[in-house]
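Hello,

Here is the structure you were to receive. Please look it over alongside the notes below.

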Amino acid sequence: MYAAVTYGTDDIRFETCDTPVPGPGEVRVKVKFSGICGSDVPRVNKGAAHMYPMIFGHEFSGVVDAVGEGVTARSVGDRVVGVPLVPCLDCPDCARGDYALCTRYSFIGSRRQGSFAEYIVLPQKNVFPLDPGISFEKGALFEPATIGLHALFHTDFRGGKDAVVIGCGTVGLFTIQWLRIMGARRIAAVNRSREKLKLAGKMGASDLISTLDEDYMEQLAALTGGRGFDYVFDASGSEEMMQQDFLLGANKAKICMIGTPARDMTFPPRIWKKINWREMSVTGTWMSYSAPFPGPEWEMTSACLKNGSLVCDDAVIDRVLPLKDAADAFALYKIPGEIKGRVLLNCEITG
Ligand SMILES: [Zn+2]
Ligand SMILES: [Zn+2]
C-alpha cells in the first residue's frame, strides 16, 4: 500500500509499505479521508513524536475491507470513522468510563500506525459506524467534533445560558456549533483573526470579538451587562488568552480548558481571586470519551451530522489534498495564517 511515513523532523515521505493484516479482533479499513490534526503538525514539523518512522493520522473515515478472527461487531463494507483512543478497558479509570484518563492506553497515529495511509488496521472497537447520509469528508471531521461536545457534557451545559468560546480553530468552531445546537442564549466568540470570527458567526456565534481591538475585554463585559458568562470554553491554547478566562466568568461560572498551554503562565492575584469571589468551577477536558465506549458524544455527533444541525462545510474544511502531497500539506503550516481549518488528505490512490 501507499502511505505517508514520517522519518523525523520535516521528513515525511510518500512511499509504498506492507499492507497491514488484521489480527484477532481487528479490522482493516480502506481509508478515504484523513484530517491533519493540530497535534500532528509538531509530530511532523518539530520532531515531537514517540517514535519514527511512523504513520501519523487519527481523524479519518473509510470502509472496512477485511476483518480478523473473532470480529463480530463490524463487517466488510461497513462505512466507518476512526476512534483513535485504545484504552486498556481494565483499569479503575476505564471501569468508571473515564477512558481518556487510562494510563495504559494506546493511540492510533501516535503510539500505533495511523491513517495517513491507504489502509489502517485497528481493534474493532476503534471504528464507529458512519451513517450513509454523512459523506466521507465529513466523517474525517467526526473526532474533532466530538471533542467540543465532550466539553459541554463535562461542564453539564444547559441551554438558555450565556457562553463564551475563546479560540476559533476547528475545536472552537465545533464548540460554538454545539452551544447553538444545545440552545445557548448568547454565544460570544473570541479570536484574533476577523476572518476566523466570520466563520464563528456562520457556525452560530452571536457576538464576534477580535482581540485586535484594544477594548475587547470591555466589549465582552458589555455583552452581559458586566455580569459575566455562565460558561467559558477555552479552545485557544494561548497563554495570553487563558490568563483572561477568569475575568470573563459570572458568579458560579464554569470555566473549561479544552486547549492546553505550551509555556509557563502567571496569574496576578486580581485575576486569580475571581475564582474565589465568584465561586467559579475551573475544569479541563481531554479528548471525547465516556461510557459506553466511545460514548454518547459519538452517537450525538452522528445524529447531528445526519440531521444537518452540525455543519461541516468549507468553513470547517480548509482544503483537500492527495495523500502523495502530504509533505506539501505539512509545509503549509509553516506559513503564518495560511491554514484556516482542517486540511484533509484524500487517501484513495488513483492512477
Ligand atoms: Zn486530533
Ligand atoms: Zn484503562
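Asp162 is buried, at a relative accessible area of 5%; buried means under 20% relative accessible area, exposed over 50%, and partly exposed in between, using a 1.4 Å probe on protein chains only. Asp162 belongs to strand E10 (residues 162-166). Helices (H or I, at least four residues) and strands (E, at least two) are DSSP runs, numbered from the N terminus. With neighbours within four places in sequence set aside, Asp162 is in contact (heavy atoms within 4.5 Å) with Arg185, Arg186, Thr224, Arg227, Phe229, Asp230 and Tyr231.

Some notes on the source. This is a predicted model, in which local features need pLDDT of at least 70 and side-chain atom pairs count only at pLDDT 80 or more, while totals for chains, interfaces and linings use all residues. Residues are numbered from 1 along each chain as its sequence is written, chains are lettered from A and ligands numbered from 1 in the order in which they are written, and side-chain values use heavy atoms, leaving out hydrogens and water.

The zinc ion (ligand 1) has three coordinating residues to look at: Cys37 (SG), His58 (NE2) and Glu59 (OE), at 2.1 to 2.4 Å. Donors are N, O and S atoms within 2.8 Å of the metal (3.2 Å for Na, K and Ca); water is not among the atoms, so sites may look incomplete. The donor residues are spaced C-x20-H-E in sequence. Cys37 sits in the loop between strand E3 (26-36) and helix H1 (40-45), and Glu59 in strand E4 (residues 59-67), so the pair ties together parts 22 residues apart in sequence. Both Cys37 and Glu59 are buried.

Helix H5 (residues 170-181) has 12 residues and should span 16 Å at 1.5 Å a residue; its end C-alpha atoms are 17 Å apart, which agrees. The expected span is 1.5 Å times one less than the number of residues. Nine of the 12 residues of H5 are buried, so the helix is largely enclosed by the rest of the structure. Among the buried ones are Phe174 and Trp178. Gly183, with a positive phi near 80°, follows H5.

The domain assignment, whose bounds come from an automatic or database source, gives domain 1 (2-141 + 316-346) and domain 2 (148-284). Their C-alpha centres lie 30 Å apart. Six residues of domain 1 are in contact with seven of domain 2.

Regards
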